[in-house]
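Here is a walk through one model, from the fold of a chain to the residues packed inside. Keep the structure open as you read.

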Amino acid sequence: MNFFNVSNNSLPAPLSSDISIRPLTSAFLDEVRKKRNLFLLLLLSTAGLGIWAVSQGTYEITPLQVLRALFGGSGQPSDIVVLNIRLPRIVAALVAGWGLSLSGLSIQSLLKNPLGSPSTLGISQGAAFGAALSIVIFGGQVLSVTAFAFAGAMAATAIILLLARLKRLSPEAVILAGVALSSLFASATTLIQYLASETQLALVVFWTFGDVARSGWREIGLLTVSVSLVSLFFLFRRWDLNALASGEECARGLGVNVDKIRMQGMIATSLVAALVTAFHGVIAFVGLLAPHMARRIVGADHRMLLPFSSVIGALLLLSADTLGRILVGSGSLPVGVITSFMGAPLFLWLLVRGYR
Amino acid sequence: MLEVSDITFSYHSQAVLEAIAFHLEKGRVLGILGVNGAGKSTLLKCLNRILKPESGTVLLEKENLLSMSPKDVARRVGYVPQRHRETRLSVYESVLLGRKPHMGWTVSDADYEIVENILKRMELTHLGLKSLNELSGGELQKVMIARALAQSPKILLLDEPTSNLDMKNQMEVMKLIRSVVREQGLSAIITIHDLNLALRFADTFLFLYHHRVHSLVGKEELSAEIIREVYGVDVILEKVKGQTVVLPL
């Protein structure tokens with residue numbers, strides 16, 4: 001039997017019909033189909049939660065009114081509440097969750113380290129440092145705080161990537177460098193806080209609480225476009241990521257340019273993490289937790305892992321934000337507080353349940 | 001079929017390989033032998049450009065692998081590294097990954113058929129949906145070989161395929177490699193420490209000594225002399241039930 005003399009049917013027969021000939025392949029494809037259905041279910045639940053979340057608040061709106069406002073509008077005042085006040089926050093939570101999770105997953109895969117996430121690489125701390133610098137030293141207009149936070153996040157990324165490139169650091173060393181950098185940025189932030197006036201101090205601390213209610217449609221639009229582009233980038237390289245997951249030498253043996261995809265991927269993923277953090281402050285644990293949850297559900301195949309991580313990240317952050325809004329009657333708890341509270345125990349639970 | 005000449009490689013300006021040359025016929029298994037640190041694994045990685053040699057050519061059916069794109073090399077050369085990373089990919093997904101160099105945006109019907117055939121031949125069908133970290137060492141090694149085969153290679157490179165296996169699995173894996181090589185008309189190059197396993201399953205032997213080729217010999221030409229020079233150990237070669245065995249003194 002030669003493996004490669006495949007039957008050359010010009011008609012692409014539906015694969016599921018060949019059960020007698022290819023039992024394993026059809027079992028495998030059945031699993032793929034099940035996962036796809038599960039993905040659709042998750043997507044629908046996320047949309048459902050989103051609509052319900054929009055309807056929650058002091059001004060009473062029914063989910064039906066939400067839908068009407070979304071599709072065309074009913075000309076009622078509720079439209080304005082939905083579109084201008086509540087929806088931006090919900091969409092921001094979804095896109096930020098998607099972005100953070102995508103970023104966490106890709107860092108974990110590219111650097112072969114389960115601890116990879118924007119905060120372990122110092123990206124979040126870099127952003128917090130930038131924000132503190134802007135508020136305390138430069139008087140902190142809103143736009144400049146965002147710009148400084150973004151610059152801080154990208155600076156952290158640049159240092160890490162330069163070290164990786166110039167000193168040819170191993171992926172493990174890159175994570176360690178990130179940990180060192182995080183602590184450096186954190187102490188620099190503390191120093192600035194020490195120098196700050198009380199009002200400034202309050203502003204700095206408040207900025208570090210991750211919050212999805214800060215951004216308007218322009219920021220959300222920018223974030224959505226970049227997260228989509230970066231998602232596409234990784235989707236195109238899903239097999240490369242699978243190869244990397246099987247080991248660096250294996251990937252090279254399969255013709256993957258490991259250094260190139262690592263560098264390009266890290267730049268793309270840092271951009272997303274920097275944008276999310278600059279717009280919304282430090283939101284911990286989503287980037288770490290969501291990919292691990294996705295792995296437990298669908299395994300290690302990035303064809304599934306990428307979409308699952310993304311939607312789980314979005315769902316997690318929206319749930320956390322909605323919970324924060326419900327817990328505190330009027331106003332809301334910053335989502336960063338909730339994710340840290342939920343994130344740590346959830347992560348421990350995942351570990352104890354036998355993450356292998 | 002494979003014509004390697006003048007491969008030179010150094011690491012931090014320290015010579016690892018110097019002017020390595022050898023050739024290999026279709027359907028044959030070549031064992032690369034030598035002491036620890038002799039450059040066996042390095043040589044293997046130079047052949048499919050995982051490492052870039054400073055000079056030399058690797059002609060596979062008259063095409064130079066060293067001037068091809070990594071993807072084109074991966075279409076011709078299957079590679080089984082020495083270490084595997086623990087992953088949660090399933091057996092099926094892992095072997096399907098071997099089709100990567102041939103794949104476009106989607107997995108084709110032919111890709112699925114090849115994977116199914118290979119898993120059947122390797123007697124791995126029953127493990128197909130299990131994830132790799134649930135497998136035993138022997139099973140895992142077979143999956144890695146199956147993935148390399150899914151590259152539909154002309155030549156297989158295996159780095160210490162038996163080093164972590166018990167005796168039964170060593171025999172099984174080596175038998176499998178040899179029979180697949182014969183029936184599919186491939187060639188295989190194996191780095192290996194165990195001289196007796198090599199003697200039993202390889203057809204020719206390449207001894208590396210001090211960064212260079214010490215000798216390239218067939219089964220009949222192998223002598224205690226060569227082994228003493230390369231390993232610094234006195235041995236006798238005995239025939240036991242028609243099979244030559246090496247006995248260190």
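Chain A has 14 helices and zero strands. Follow the sequence and the pattern reads α-α-α-α-α-α-α-α-α-α-α-α-α-α. The C-alpha trace of chain A spans about 80 × 60 × 35 Å along its principal axes.

This is a predicted model. Its scores are ipTM 0.92 and pTM 0.89. For chain B, pLDDT averages 93, and 100% of the residues score at least 70.

Now look inside chain A. Next, consider contacts in chain A between residues at least 6 apart in sequence. Of these, 73% join residues at least 24 apart.

Which residues touch the most other members of the largest nonpolar core? In chain A they are Ala131(A), Ala153(A), Ala274(A) and Leu317(A). In chain B they are Val95(B), Leu157(B) and Ile189(B). The core holds 173 residues. Helix α3 of chain A, residues 77-110, gives the most to this core, with 16 residues.

Take Val95(B) as a close-up. Leave out residues up to four places away in sequence, and Val95(B) touches Val115(B), Ile118(B), Leu119(B), Val143(B), Ala146(B), Arg147(B) and Ala150(B). Val95(B) is also one of the residues that touch the most other members of the 173-residue core.

Note on methods:
Residues numbered from 1 in each chain as written. Chains lettered and ligands numbered in written order. Predicted model: local features only at pLDDT ≥ 70, side-chain atom pairs only at ≥ 80, totals over all residues. pLDDT = per-residue confidence, 0-100. Helix = DSSP H or I, 4+ residues; strand = E, 2+ residues; numbered from the N terminus. Contact = placed C-beta atoms within 7 Å. Core = buried A, V, L, I, M, F, W, Y, C linked by C-beta atoms within 7 Å. Buried ≥ 20, exposed ≤ 12 C-beta atoms within 10 Å, placed from the backbone.
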